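Please inspect the sequence and the structure before reading each solution.

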Amino acid sequence: MANTPILSITTPSFNQAPYLEQTIRSVVSQPNVDVEYFVLDCGSTDGSVEIIKKYADRITYWVSEPDKGQTDAIVRGWKRATGEVLAWLNSDDYFMPNALQKVAEAFSDPSVMVVIGSGAIVDDQGNIIGDKYARHFNLETMLTTGGGVPNQASVFVHRCVIEQIGYPDPQLHYVMDWEYWMRIALTIPQNQMRVIYEHFAALRTWEGTKTLTGIEKICDEHRAVFGKLFASNTLPPHLQKLQARSLAGTYIKQAFLQWQAGRADDARQSLDQAKEIDPTSISGWHELKLQLQTHLPYPLYQRARNMWGQLRPLVSNFQLPTSNF
């Protein structure tokens, strides 16, 4: 398309054949946009290679060989890229129809360095079960919660960003996106980021995802990143003061993930660790709420929350009759 950039998309892949074809098709079927596509497979043995070969004529480059992990594959794909805009799409996620055209159009503005969209959260069957909202990168939130980030597959960066901050850290296997977004937030002005409140991609959650199988490893990586970041003294003074609160936040996040996984006792221990590190991180009503939640099975909590979401508009519109007294 005239005046729009080439988008370079990389998919790291390993033994996710049940979802891989939808992932690939969601890229190669995007209309009205110039895309180069790289699939870096880590030697899958589940039929993934046969799926990749089926679309080989529409994939710019692919390989199936052992690598050093997901982030290593992403970086190798990005280093092959020649497009002005880069992103990665995991092999169990997928782009929405026409999403990349909208991204390319946003980058036709030369001042735009990052485009951030929202995303749908889907189950293993592709049913939408939630939303990952578009948002700017808020450093304080990202530091103190170990999260506060948009849908990874809905974030696109201009090549100029890579020239300034480098590639994702291949030493990180769980929080590479969160750490990369923090680097962007520390370097790229907010007015060079375009937030678009539309679903660009679907994030699939299922029992094999790293978020559900690597809880402690995820939070350990958060703590390792914090250790380097706060030791470097490169943060603005008002953020440098948040070290204890940020460390405590990793244990609050760990508690949530443990609770979500049905490990309520472990979740309560993690909350105790957070309070020991920074008593102000959980206190009063906030502490009571978290402790009560861990005594309620997460699926039941989700159902109750969904029911309240449906009832809330009705309750807010309900008016009591006027008294005659």
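**Exercise 1.** How do the residues of the lining of the largest cavity divide into nonpolar, polar and charged?

*Solution.* The model is predicted.
Step 1: list the lining. Trp-78, Leu-86, Ala-87, Trp-88, Gln-152, Val-155, Val-157 and Trp-181 line this cavity. Strand 4 (85–88) and strand 8 (155–158) are the elements that contribute two or more residues to the lining, and the largest share, 3 residues, belongs to strand 4.
Step 2: assign classes. The lining holds 7 nonpolar residues, 1 polar residue and no charged residue.

**Exercise 2.** Determine whether Thr-10 is buried or exposed.

*Solution.* 
Step 1: locate the residue. Thr-10 lies in strand 1 (residues 7–13).
Step 2: apply the cut-off. Thr-10 has a relative accessible area of 0%; because buried means under 20%, Thr-10 is classed as buried.
Step 3: examine the surroundings. Leaving aside neighbours within four places in sequence, the contacts of Thr-10 include Phe-38, Leu-40, Ile-74, Trp-78, Ala-87 and Trp-88. Among them, Trp-78, Ala-87 and Trp-88 also line the largest cavity.

**Exercise 3.** Which helices each supply at least two residues of the lining of the second largest pocket?

*Solution.* 
Step 1: the second largest pocket has a volume of about 210 Å³.
Step 2: its lining includes Glu-179, Met-182, Arg-183, Ala-224, Val-225 and Lys-228.
Step 3: helix 7 (176–187) and helix 9 (215–232) each provide at least two lining residues.
Step 4: by class, the lining has 6 nonpolar, 1 polar and 4 charged residues.

Note on methods
Residues are numbered from 1 along each chain as its sequence is written. This is a predicted model: local features need pLDDT of at least 70, side-chain atom pairs count only at pLDDT 80 or more; totals for chains, interfaces and linings use all residues. Side-chain values use heavy atoms; hydrogens and water are left out. On a 1 Å grid over the protein atoms alone, a cavity is a set of points where a 1.4 Å probe fits but cannot get out, and a pocket is an open set with protein on both sides within 12 Å along at least five of seven lines; lining residues have an atom within 4 Å of a point. Helices (H or I, at least four residues) and strands (E, at least two) are DSSP runs, numbered from the N terminus. Ala, Val, Leu, Ile, Met, Phe, Trp, Tyr, Cys and Pro count as nonpolar, Asp, Glu, Lys and Arg as charged, and the others, Gly among them, as polar. Buried means under 20% relative accessible area, exposed over 50%, partly exposed in between (1.4 Å probe, protein chains only). Contact means heavy atoms within 4.5 Å. Grid points are joined across faces, edges and corners, and a volume is the space filled by probe spheres set on the points.
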